[in-house]
Amino acid sequence: MLHTSDFDFDLPTELIASHPLERRDASRMLVVDGNNVFDKHIRDFVEYLQPGDVVVFNNSRVIPARFNATDKSGNIHEITLHTATDDHKTWWGLCKKFNKIAIGDTLTLDDGTKIEIVAHDDESGLKITFHCDNVFDVLNAVGKMPLPPYMKREEELSDRERYQTVYAEPVGSMAAPTAGLHFTNELMHEIESRGAKIVKITLHVGAGTWMPVKTEDLSQHKMHSEWCCITPEQADIINNAKRVIAVGTTSMRTLETAAIENRKLPVDKQCKRIMPICCTTDIFITPGYKFGAVDVLLTNFHLPKSTLFMLVSAFAGLDEMKNAYAHAVAEKYRFFSYGDCCLLFRKDS
């Protein structure tokens with residue numbers, strides 16, 4: 001039985017990328033195929049495509065989800081939204097010492113907007129209702145891009161564009177689907193010129209993607225739910241793919257959620273890979289999981305003991321990923337959200 005500590009590795013802090021490279025497509029790409037690793041470049045990605053492949057991206061747009069709110073005593077609280085309710089006026093948000101804010105309290109944002117605390121939860125933080133006409137207009141005015149804490153810096157003006165994919169559309173993520181940050185419009189065009197198809201599905205990145213594992217026993221870790229969607233038209237393209245290449249772990253988790261739902265159908269009703277979905281998912285992929293949709297994964301380098309490193313270890317092999325990460329460290333690849341990426345081929349057990 002695997003435990004959280006089995007997914008630990010040493011990472012020099014100087015390899016954590018705090019800023020993006022000048023060009024999106026300047027990133028390095030480590031290709032991992034079993035025990036074989038190759039130092040490549042993101043522009044080499046298209047060389048691994050075959051006619052009939054389908055490349056799946058997550059097109060969710062990051063919102064400026066982090067803002068300050070002042071209570072009636074003048075105390076300032078930093079809040080980071082992570083999950084919306086159906087009306088998009090009530091959200092769950094993370095806040096340090098959130099228990100010091102009482103249910104029913106009203107706080108004031110920098111532009112004068114009022115928010116009301118309607119619930120507490122030890123895992124999800126504060127449940128907040130906005131008293132305004134349009135929450136996204138307010139966030140665009142007072143919010144900051146929710147850069148991960150390991151960057152150890154405040155938002156800069158350039159992050160508004162660079163912490164966003166070039167194809168981002170529906171708003172709703174509190175973190176970027178970072179594997180997509182490497183792609184330019186030119187590289188997207190080159191994918192299609194190689195005879196592959198592009199499909200843009202949606203998963204609004206929330207706490208489920210990045211919350212740390214706090215238990216040594218993996219079975220005790222509870223994933224937060226995140227909303228995702230694959231339309232019937234998209235599912236049809238994916239089901240007719242020669243290979244499915246997921247760009248990012250959020251695309252992977254959405255596709256595999258759809259594969260699980262597909263396997264629940266009677267055998268004579270099942271599709272080749274997935275069924276259409278519009279739902280929430282709390283899928284937690286660890287070694288031993290049987291993949292039903294994805295053949296190849298492009299992803300960034302992930303934190304030690306994170307659910308995302310567990311996912312890539314399930315896909316490409318734990319020993320193989322530890323060896324690959326050791327190689328990446330030795331070759332000084334850049335890690336995490338603004339870092340380099342790796343192209344992983346599924347290890348079939």
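A: A cavity here is a set of points, on a 1 Å grid over the protein atoms alone, where a 1.4 Å probe fits but cannot get out, and its lining residues have an atom within 4 Å of a point. Keep in mind that this is a predicted model, where local features need pLDDT of at least 70, side-chain atom pairs count only at pLDDT 80 or more, and totals for chains, interfaces and linings use all residues. Numbering starts from 1 along each chain as its sequence is written, and side-chain values use heavy atoms, without hydrogens or water.

Searching the whole structure turns up three cavities of 30 Å³ or more, volume being the space filled by probe spheres set on grid points joined across faces, edges and corners. Around it sit Pro 20, Leu 21, Arg 23, Arg 24 and Ser 27, then Arg 162, Leu 181 and His 182, and finally Arg 334, Ser 337, Tyr 338 and Gly 339. By class, that lining splits into four nonpolar, four polar and four charged residues. The charged class takes in Asp, Glu, Lys and Arg, the nonpolar one Ala, Val, Leu, Ile, Met, Phe, Trp, Tyr, Cys and Pro, and the others, Gly among them, are polar. So Arg 23, Arg 24, Arg 162 and Arg 334 are the charged ones here.

The second largest cavity holds about 40 Å³. Its lining is made of Met 223, Arg 253, Ile 283, Phe 284, Ile 285, Thr 307, Leu 308 and Leu 311, which works out as six nonpolar, one polar and one charged. Helix α7 (residues 307-316) is the top contributor to that lining, with three residues; a helix is a DSSP run (H or I) of at least four residues, numbered from the N terminus.

Technical notes:
On a 1 Å grid over the protein atoms alone, a cavity is a set of points where a 1.4 Å probe fits but cannot get out, and a pocket is an open set with protein on both sides within 12 Å along at least five of seven lines; lining residues have an atom within 4 Å of a point. Helices (H or I, at least four residues) and strands (E, at least two) are DSSP runs, numbered from the N terminus.
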